[in-house]
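Dear colleague,

Please find below the structure I am handing over to you. My notes on it follow directly after.

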Amino acid sequence: MRKILALATTTGLASLALMIPATGAQASTACDNAYRAVAVGNFVAYDGTNCSNRLGITESWDSDWGNSSGPFQGGDTNKASSLINKGGSGMHVQLFNGTGQDWAGGHTCLSTGEKYMSSLANQYFTSGVAVNNQISSHRWVWSGCGVFLDS
Ligand SMILES: [Ca+2]
């Protein structure tokens, strides 16, 4: 770190920014490109890792990804393996293992600053249940996250 700071002093902050690893569980060119293409204000979930095979994109919430209403429907539940949060307000996307507007049970959050998760492997809800292929609802929140993805 000392070497990085010394270099930053001589080359400026722009160079320092280039040395900081990309956000997301793992840097992903595909997710970088997808993130740039998404309009500000949206949350996106993908069936595959690396932001492939989009399940849904929304500025809103959905308390049941397996029902027939809202931005996520039917087979979308228990499928997500990568995510993008391009919210414009700084809110987190809170993701739940279960369904319903009581917003209860195991949960985790994807912060706006994180930008995306190229993989949900080795991520867990507050209940200890694995997140990959187990998300069934989501909403936007300012607080109450408990845990964050990639933290
Ligand atoms: Ca739904």
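The model, which is a predicted one, contains an open sheet of 4 strands in the order E2-E1-E3-E6, with antiparallel pairing. Strand E2 (54-58) and strand E6 (116-117) stand at the edges; each has a single partner strand, so one side of each is left without a neighbour in the sheet. Within the sheet, strand E1 (residues 42-46) and strand E3 (residues 82-86) run antiparallel and are joined by 5 bridges. Phe-43 has Asn-85 of E3 opposite. Packed on the sheet is helix H3 (residues 29-37), which touches E3 and E6 and whose direction makes about 35° with that of E3.

As to the overall make-up, the protein has 3 helices and 7 strands, and from the N terminus on its elements run α-α-α-β-β-β-β-β-β-β. Of the 151 residues, 32% are buried. Among contacts with a separation of 6 or more, 62% are between residues 24 or more positions apart.

The largest nonpolar core comprises 25 residues, and those with the most contacts inside it are Ala-45, Ala-80, Leu-83, Ile-84, Leu-95 and Leu-110. Two or more residues each come from H3, E1, E3, strand E4 (92-96), strand E5 (107-110) and E6. The element that gives the most to this core is E1, with 4 residues.

With kind regards

Notes: Residues are numbered from 1 along each chain as its sequence is written. This is a predicted model: local features need pLDDT of at least 70, side-chain atom pairs count only at pLDDT 80 or more; totals for chains, interfaces and linings use all residues. Two strands pair if DSSP finds at least two bridges between them. Two residues are in contact if their C-beta atoms, placed from the backbone, lie within 7 Å. Axes are lines fitted to C-alpha atoms, for helices over the stretch in contact, and angles run from 0 to 180 degrees between N-to-C directions. A residue is buried if 20 or more other C-beta atoms lie within 10 Å of its own, exposed if 12 or fewer, and partly exposed in between; C-beta atoms are placed from the backbone. A nonpolar core is a set of buried Ala, Val, Leu, Ile, Met, Phe, Trp, Tyr and Cys residues joined through C-beta atoms within 7 Å.
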